[in-house]
Amino acid sequence: MNRPPPSRGAAHALLAALVALVVAASVAIFTGVGGADGTADQEPSRRPAAPAAAGRWIGSWSASPAAAEPGTARGYPGRSIRNVVHTTLAGGMARVQLSNLFGGAPLTVDHASLALAAAPGGPAAAPDGMRELTFGGERSVTVPAGRATYSDPVRLPVDAPADLLISTYVSRPAGPVTIHPHARQVSYLAPGDRTLDAGGAAFTAKSLYWRYVTAVDVWTAEATGAVVALGDSITDGVSATIGADHRWTDFLADRLRTERGAPRLGVLNEGISGNRVLLGGMGSSASNNPSALDRFDRDVLSRTGVRALVVELGVNDILRSPRQTDPARIAAGLRTLVERAHTRGLRVTGATLSPFGGRTGTGPDQELVRRGVNAEIRSGRVFDDVVDFDRTLRDPADPQRLLPAYDCGDHLHPNDAGYLAMARTLDVGVLKGEVRAAL
């Protein structure tokens, strides 16, 4: 039997329904809860539907989960935490990763938000710059101990460089709290659920930790991927001016954003103070500060859109107890990192170990090991490419020491000028190259 054609009103209703379906699909995402290493589940068969606009998800900011915060067996029940983070890529949408890697029990985040900061480093949001975060369509999410999760994407025009505010509220005791302890950035705390407060007046308590937040990805068409900087306190920027974004990775992001011919990449800082290639553990906990070998999959391979890797590691293997006395062992550990990166097609640039002469507790034996590791790195038998931070930072009159103009005063860590010199030393052209090894 022939049916009459649909009325104009019915046709319009059908079209509206289809448009709504497309828009919903464009922001849909699977809320990934990952494995025991804290990585979020991003299996190809369960990945989010791509937004309708051209682009891709790429990491704009990250920080390695480094430790369980001391004294937080109950967490921060009944308080809001507002983390301030600094972007390296702009985009039209964003999503946030929360980690419970060092938690001892499931963490229920009752409420969370993402906002553009009204002013650099401040706790107040820009006008119309606040978005509530959801997880699988729900405003709350429970993250099992040892795992991480991504929020649903939110439509928010994110600039770069810019500060974002990521707020979480947890109503019930849940700890210990997963932190990155050397943020070099002031974040804030407030009593009660203040996640959607655009003003910052309630956030009177200040902190130099990042809590729970470990990544921000943006949907962007302006970049081809991200470069991960895997390192120790020198990459972490523990001596950089607080709130100034003067880590060497920040200066590198500036170069990639402004220099003609430079690859357009996000910069993801995966430095942890005290980190070693071969051994983990820090303080009283063997699980804190996992070694580079242990955290490589989580902090490098699982990062969104990673295309290149820079490794700055090895000094703490020499200086921290138990001290490594064989340069070949450290070089072998670095070589293992490279081999694992090659399985994903990543080209790896490795840094020579910078001077530490004059540092308390160091002497000729440690200097001999440092020189041995550097000789192996410079030989080309470890990394695809080499950035010679040692040559950049050392005092020509006393090569075992940092140049005084680059020394923060502890004879180990650079100051802001030293970090800028490091960023200028790196050949950004190597960051867009393909891996040399056959995969």
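A residue counts as buried when its relative accessible area is under 20%, as exposed when it is over 50%, and as partly exposed in between (1.4 Å probe, protein chains only). The structure is a predicted model, in which local features need pLDDT of at least 70, side-chain atom pairs count only at pLDDT 80 or more, and totals for chains, interfaces and linings use all residues. Residues are numbered from 1 along each chain as its sequence is written, and side-chain values use heavy atoms, with hydrogens and water left out.

**Exercise 1. Determine which strands pair with β4, and in what sense.**

Step 1. Two strands pair if DSSP finds at least two bridges between them.

Step 2. With β16 (residues 213-220), β4 forms six bridges in the antiparallel sense; here alanine 94 has valine 218 as its bridge partner.

Step 3. β10 (residues 154-158) is joined to β4 by three bridges, also antiparallel, and methionine 93 stands opposite arginine 155.

Step 4. β9 (residues 148-150) runs antiparallel to β4 over three bridges, with serine 99 opposite alanine 148.

Step 5. Strand β4 (residues 91-99) is mostly covered, eight of its nine residues being buried.

**Exercise 2. State how many residues of helix α4 are buried, and what covers them.**

Step 1. Helix α4 (residues 292-301) has seven buried residues out of ten.

Step 2. The buried residues are Ala292, Arg295, Phe296, Arg298, Asp299, Val300 and Leu301.

Step 3. An α-helix has 3.6 residues a turn, so residues three or four places apart point the same way.

Step 4. The cover over the buried residues of α4 includes β17 (225-231), β18 (265-271), β19 (306-312) and α6 (327-342).

Key. Helix = DSSP H or I, 4+ residues; strand = E, 2+ residues; numbered from the N terminus. Contact = heavy atoms within 4.5 Å.
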